[in-house]
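Please view the sequence and the model together while reading.

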Amino acid sequence: MAEKEDTFFAAPSLAIITGASKGIGQAISVEFAKRFEDKLHLILTARTIEGLRETASLIHRADNYSSERITIKLVPGDLGNEDEFPSLLDKLFGDIDSTKYQHAILVNNAGSMGDVTKSVRDFTPAHALVIQEYFFLNITSALLLSSKLVSTFPHLHPSGTTTKGRRRRTIVHMSSGAADNARASWSLYCTGKAARNMLHKVIAVEEPDVRVLSYLPGVVDTTLSRYAVANTSTPRTAKYITERYSADATPGRTAGVLCDLLHQDKYESGAIVDLYDVIGHPEPDTGKGMKH
């Protein structure tokens with residue numbers, strides 16, 4: 001029997017995906033389940049169990065779904081709750097038998113816009129706790145999850161190979177153009193995304209045996225982007241988003257492009273790759289609003 005091609009999707013794997021109850025996180029979960037050729041254990045987390053169950057249902061309804069190939073664990077919890085985080089981390093990693101897997105994957109997708117109604121001058125010491133909670137969800141939790149993945153699977157070194165391919169660890173960060181492009185009233189979001197980009201670059205430097213990719217998924221019509229349009233205090237910023245909605249940047253399409261990049265495995269670890277660098281930049285919609 002011929003050996004399987006050594007690809008991202010070929011070996012027995014475990015994938016933890018945060019923010020997996022809707023939007024891009026849900027689409028990545030479904031796409032992973034479709035693409036993995038060998039056994040995949042998906043650990044999906046988000047704040048609501050209802051959304052996670054919907055994601056699981058979508059996976060179960062896929063044409064190539066097999067309960068022998070795909071197993072799913074749903075872990076509801078709030079990554080932004082500092083007091084509950086240790087318990088949530090234990091629920092995500094506590095019962096993992098790391099010796100069963102040749103590939104361990106973390107998708108740091110969960111995040112929030114934060115308060116987009118205020119300029120920097122509007123924040124006061126009274127908002128300190130809100131700011132702290134924002135950065136815990138968007139930076140601290142991603143750092144601690146990444147640390148836990150690396151330490152839980154120390155044996156998955158790429159020099160170790162099996163008949164199903166090399167051992168590996170992969171961390172994917174869902175980035176945003178806001179990391180490099182300042183937008184009025186988006187001080188928390190822009191700062192958080194810039195910090196997360198640098199965090200994942202540092203992980204790539206510190207852990208040369210871990211593959212790290214920061215991925216810009218495009219301007220996608222999701223709950224997060226609709227929140228930004230509805231609540232941002234600057235009409236110019238809201239217009240910027242709605243003009244860039246594109247049929248080419250659906251959750252499913254951007255998840256598919258991400259999986260293609262992971263399969264091809266040609267990116268430099270720590271790199272930031274933009275959806276539009278792959279599929280081309282769309283012409284802005286001239287103010288007609290959302291496209292679905």
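**Overall features**

The accessible surface of the protein comes to about 13800 Å², of which carbon and sulfur atoms hold 51%; such areas come from the Shrake-Rupley method with a 1.4 Å probe, and for residues only the protein chains shown count as cover. This is a predicted model, in which local features need pLDDT of at least 70, side-chain atom pairs count only at pLDDT 80 or more, and totals for chains, interfaces and linings use all residues. Residues are numbered from 1 along each chain as its sequence is written, and side-chain values use heavy atoms, with hydrogens and water left out.

- The protein contains nine helices and nine strands, taken as DSSP runs (helices H or I, at least four residues; strands E, at least two) and numbered from the N terminus.
- Of the 292 residues, 50% are buried (under 20% relative accessible area; exposed is over 50%, and partly exposed lies in between, with a 1.4 Å probe and protein chains only).
- Among contacts (heavy atoms within 4.5 Å) with a separation of 6 or more, 79% link residues 24 or more positions apart.

**Helix α3**

- Helix α3 spans residues 85–93, and its buried residues are F85, L88, L89, L92 and F93.
- These buried residues fall within an arc of 120° seen down the axis of α3, so they line one face of the helix; the arc is that of the directions from the helix axis to the C-beta atoms.
- The packing partners of the buried residues of α3 are β1 (13–18), β2 (40–46), β3 (70–76) and α4 (128–152).
- Exposed residues P86 and D90 sit on the face of α3 turned away from its buried side.

- In strand β8 (residues 210–216), seven of seven residues are buried.
- V210, V212, S214 and L216 point one way from β8, whereas R211, L213 and Y215 point the other way.
- Strand β7 (residues 168–174) runs parallel to β8 and is joined to it by six bridges; strands pair if DSSP finds at least two bridges between them.
- From β7 the chain passes through helix α5 (residues 187–206) to β8 in a right-handed β-α-β crossover (with the strands pointing away from the viewer, the path from the first strand over the helix to the second runs clockwise).
- Strand β9 (residues 271–274) is also parallel to β8, with four bridges, and A271 in β9 is the bridge partner of L213.

**Loop residues with positive phi**

- S185, in the loop between β7 and α5, has phi near 75° and is buried at 5% relative accessibility.
- D265, in the loop between α8 (251–264) and β9, has phi near 55° and is partly exposed at 21%.
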